[in-house]
Amino acid sequence: MRYFAIFLAFFAVDAVACSCAPTDLEWRYENSSNVFIAVVTAARYEDRRIEAEFEVTEVFKGDVPFSVLHTTLTGSSCDTTISVGPEYLFFLGDEGLFSACSGHQRLVPGQPNSWLDLLRRYKAGQTPDLSSPWGFRSHDGYCSLRTTFRAARGAILSNLSLEYRFAVPDYDGWEIEEMARVGYARVVADLPTRDESHDATIQLSTNDKTFTAGWSENAMPFRRRSAFTLNGADVHSFAEALLESDSVRVDGTINGYGRPEIQGELTDTHIRTTNAGDSIERFVQCMQQ
Amino acid sequence: MRICLTVLILLANVTTPALGQSEPCECDRQTLLRNVRLAETIFYGAIQEANMDSRHSRVIALAVDIIDPIRGQERGRIDVKTTLPHACGVQAMIGNHTLFVISQPGEIITLCGGSGSNHYRAGHELDDLHNLLYAIVVVESAERESQVARSWLNRKFRKGRERREEMEDFFSLLGELDQSVLITISDDEVVYRNIVFVFDDDILVDYFWKEPS
């Protein structure tokens, strides 16, 4: 019990310092020997260890060769716990060990879960891979298309977004300077680097076209964020080229200041459109209105 | 405690993105607070063990360490039953620190009976009760154990920072839980029993126990 109090004390002080590498579903699936849904039916804390019993309800990968889930509390900020009653989607090795970074997700009945939907489509043979879905959104004179991809040999999870604002929204409280900046089209490759040189570029290549995106500080209006950005008429061409392409290849050199693990060439980075559905088409239509 | 719960929420969000978006409980505030007023046992405890008979079971049995007895129990371990999460049960998370409100021995507790932790209650659209635990402790200990009430108030309300409007529902809960006294409210003071909350420019600047008149 005393140790448990210490464990909670660590939660209180350091939990936000626990840093799990961001990953996508495909990485989780490839790096887990068991992917399954289970209801946790019992759990107990004893001697610095939480053990949980479970009943499997659906298997996506592996034989689930363990009967107990467990985690050991080390007093670190990455200690975690688990609830009895809900269903969880687990990504585990063959020992049943779970941690704050093992990526398990609690499933809420009736609530959509994009990872679960994709896993079920993959299991049913309705999609050839688990590459990230593309999402289309449209509201208030703005449309966007977004997906995530792994770059720098899988070390980092990045975002690619296409954005198009075709009308000025009638929002109260916006400053004149901000209003003047709306109305744009751009592609933003949001790699978690920082302080690239001003002439740094990356290439985004579809089947037969290559586009150059330059490093742009404060690329996002209304938010301070820097990213590789492709602006203007190229955005229309890029979006239309996406329709005909099964992937976008990303090439370039990033310095990865402060992140030695991601410093270097962005080769072998492909953003697949496998699970885009009709999102790209809807975005192109949105730009044409 | 507040920091600890906040961090639990953050951790839960790392691994369970859907937490906090459960189905709303259809609890009646009046009934919930009446249940708290009449409850035989109230304590703040940590869940050490939780068991369902099977995944089809509708009840979860908990073994809970009582950390802070509030009404009718001493420190120690107690067995409690709750319903499933989607049926407004208390979150059966190992290590979770939770308020337990038990009307009578053997009762199957729910959020609607007053049990539960703040963030979990909020996830079930009961976020107007986020001061419930503190209000209960203050009502129970204001006169008999003023050091206990003071300690919990210190955890929750920061002198010099807390805005009066953010404490209004706390004062409201005090009045609803303790209907035997009238809370006195003026521009710069709120008085509950012998506790005086002092405000300056709608910021809490002090609270103290006045001498009995």
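I started with a hairpin: β11(A) and β12(A) form one, with 4 residues between them. I'm working from a predicted model here.

**Strands in chain A**

Strand β11 (residues 201-205) and strand β12 (residues 210-216) of chain A run antiparallel, with 5 bridges. I picked out one bridge, in which Thr201(A) has Gly214(A) of β12(A) as its partner. Next I asked myself which strand β12(A) joins through 3 bridges. That is β13 (residues 227-231) of chain A, and this pairing is antiparallel too. Gly214(A) turns up again here, with Thr229(A) in β13(A) as its bridge partner.

**Leu160(A)**

I then went to Leu160(A), which sits in strand β9 (residues 156-165) of chain A. Buried or exposed? I get 24 C-beta neighbours inside 10 Å for Leu160(A), so it counts as buried; the cut-off for that is 20 or more. Skipping neighbours within four places in sequence, I listed its contacts as Thr147(A), Phe149(A), Ala189(A) and Ile271(A). I also checked Pro112(A), 48 residues from Leu160(A) along the chain: their C-alpha atoms are 23 Å apart.

**Helix α6 in chain B**

Last, I looked at α6 (residues 164-177) of chain B, a helix of 14 residues. From first C-alpha to last it reaches 20 Å, close to the 20 Å expected at 1.5 Å a residue. I noted Phe170(B), Leu173(B) and Leu174(B) as buried in α6(B). They lie on the same side of α6(B), because they cover an arc of only 105° around the axis. What covers the buried residues of α6(B)? I found that the cover includes α4 (132-141) and β8 (189-192) of chain B.

Definitions and conventions
Residues numbered from 1 in each chain as written. Chains lettered and ligands numbered in written order. Predicted model: local features only at pLDDT ≥ 70, side-chain atom pairs only at ≥ 80, totals over all residues. Helix = DSSP H or I, 4+ residues; strand = E, 2+ residues; numbered from the N terminus. Expected span 1.5 Å × (residues − 1). Buried ≥ 20, exposed ≤ 12 C-beta atoms within 10 Å, placed from the backbone. Arc of directions from axis to C-beta. Contact = placed C-beta atoms within 7 Å. Pairing = 2+ DSSP bridges.
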